[in-house]
Amino acid sequence: MTTTKKINVLIVGQGGREHALAWKVAQSPLVSRVFVAPGNAGTALEPGVENIAIDVTDISGLCTFALANNVGLTIVGPETPLVDGIVDTFQTYDLPCFGPSQAASALEGSKAFCKDFLQHHHIPTAAYAVFEEDETDEAKAYILSQPLPIVIKADGLAAGKGVVIADTHESACAVVDDFLQDGHLGDAGRRLVIEAFLAGEELSYIVLTDGMTAIPLASAQDHKARDDGDQGPNTGGMGAYSPAPVLTEELSARVLKDIIYPTLEGMRADGHPFVGFLYAGLMIMPNGEPMVLEYNCRLGDPETQPLMMRLKSDLVELCLSALNGHLPEQEIKWDPRVALGVVLAARGYPATAETGVPIPTVRTSTTEAKVFHAGTTLKNGQAVSSGGRVLCATALGDSYSDAQQKAYALVEEAAFDGCHYRRDIGYRAIRRES
């Protein structure tokens, strides 16, 4: 695809994923200006990028801004505006918006919808049952009949905090009370999915799709547990690396054949074609079978940071090609090196995170080593923490151990008071490497 007129691009979101997207989009020769709504301290200081003080939930405000500022492409980072129907609204005004429709976003917006969809279309996933707000006793009885550990998931969006792996029946039943009766997660936890625990190796498998064709992105592997050795509570992600050695060419072909294309075909058959980034959270079982843990309707965080560092193709051209139905003509090119990102979280994360902590100025900022901001904001010109996951120190290296060493050198530059980070990001790949 060729074009002679440069366009303005709007990135919706304020996390590390959106900083990485804005950084990559700003490198495109197709782009005139990059806006991020609302952005963070990192995007505010990024060359060629401008923050716009519009919240991700203000779809009307975002649409008005896009119309007034000749935005030729909007890329939606987080799930909430997608689930709320931002793409549908933008389409009514002929504004190109890359992401799935509200109906298609239910794959992430409702765990129950996703599990029922997978079962109906014979896509491999764990055995499960769904329980409503008034079915506390039934949920507990089901738990007591199942082997341990067992997984309890809030049905709705819970910012990465709606999944609990319980090792005892008592703790699992306590989660049911916490979600269904006590309303710990609000409306997101008013319905539960309780499913069998799958043991294996997790894999993030992300494709860019126009609804018919799917082009896999480079593989990546996230680290969900807060502490070293995959211990501690579940988080939104404490680090990631790409590529993931667990994904062989044979396994990738199997995932496309058995999971991704049946999903796209199922969504079309159900009247909800899926356009955008489709993120399959997979568990690779000991026998090699891929099973779907969950679907996300957008790029992952922190997977996006190492992926954008490795991406050699023009992201804007790829997104426009998908929206214009030219995706089969595209081939995505990747840096052959390893990219690894380490998340620096605030004290107290993933519970109540400390905010307002000054963030040091990091001098290292290149296409091969960069600290992406997530939960930060500018206060009197100083970057301060404003969320749980604050930064992601990301670096390219010739090997997993090299990328890890360079990323942790960045961590030392970026470390702020009270920050917590894992010291073993990439350990699975390095173990394979040695």
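How many of the residues of helix H1 (residues 16–25) are buried? The count is 10 of 10, so "buried" needs its cut-off: under 20% relative accessible area, with exposed over 50% and partly exposed in between, using a 1.4 Å probe and protein chains only. Among the buried residues of H1 are Arg17, Trp23 and Lys24. Helices (H or I, at least four residues) and strands (E, at least two) are DSSP runs, numbered from the N terminus.

A word on the model. It is predicted: local features need pLDDT of at least 70, side-chain atom pairs count only at pLDDT 80 or more, and totals for chains, interfaces and linings use all residues. Residues are numbered from 1 along each chain as its sequence is written, and side-chain values use heavy atoms, with hydrogens and water left out.

Now the cores. A nonpolar core is a set of buried Ala, Val, Leu, Ile, Met, Phe, Trp, Tyr and Cys residues joined through side-chain atoms within 4.5 Å. The largest one has 48 residues. Ile86, Tyr205, Ile260, Leu282 and Tyr295 have the most contacts inside it. Helix H10 gives the most to this core, with 7 residues. A second, separate core has 40 residues, including Val9, Leu217, Ala218 and Met308. In soluble globular proteins, nonpolar side chains tend to be buried together.

Take Tyr295. Contact here means heavy atoms within 4.5 Å. Setting aside neighbours within four places in sequence, Tyr295 is in contact with residues including Leu107, Glu108, Cys114, Leu118 and Ile260.

Cys114 and Leu118 bring us to helix H7, residues 111–120, where both are buried. Lys111, Ala112, Lys115 and Phe117 are buried there too. What do the buried residues of H7 pack against? Their partners are helix H6 (106–109), helix H10 (249–269) and strands E6 (128–131), E7 (150–154), E9 (192–196) and E17 (290–296). Just after H7, His122 takes a positive phi of about 55°.

Next, Arg298. This residue lies in the loop between E17 and helix H11 (304–310). Buried or exposed? Arg298 is buried, because its relative accessible area is 11%. Its side chain makes a polar contact of 2.6 Å with the side chain of Glu108. A polar contact is a pair of N or O atoms within 3.5 Å; within protein, one must be able to donate a hydrogen and the other to accept it, and residues adjacent in sequence count only if both atoms are side-chain atoms. Not counting residues up to four places away in sequence, Arg298 also touches Arg17, among others.

Ser204 sits in strand E10, residues 201–209. At 4% relative accessible area, Ser204 is buried. Its side chain is joined to that of Glu303 by a polar contact of 2.8 Å.

For contrast, Gly160. It is found in the loop between E7 and strand E8 (163–166). Gly160 is partly exposed, at 39%.

Last stop, the second largest pocket. Helix H2 (41–45), strand E19 (369–373) and strand E21 (382–385) each supply at least two residues of its lining. By class, that lining has 9 nonpolar, 8 polar and 2 charged residues. Asp, Glu, Lys and Arg count as charged, Ala, Val, Leu, Ile, Met, Phe, Trp, Tyr, Cys and Pro as nonpolar, and the others, Gly among them, as polar.
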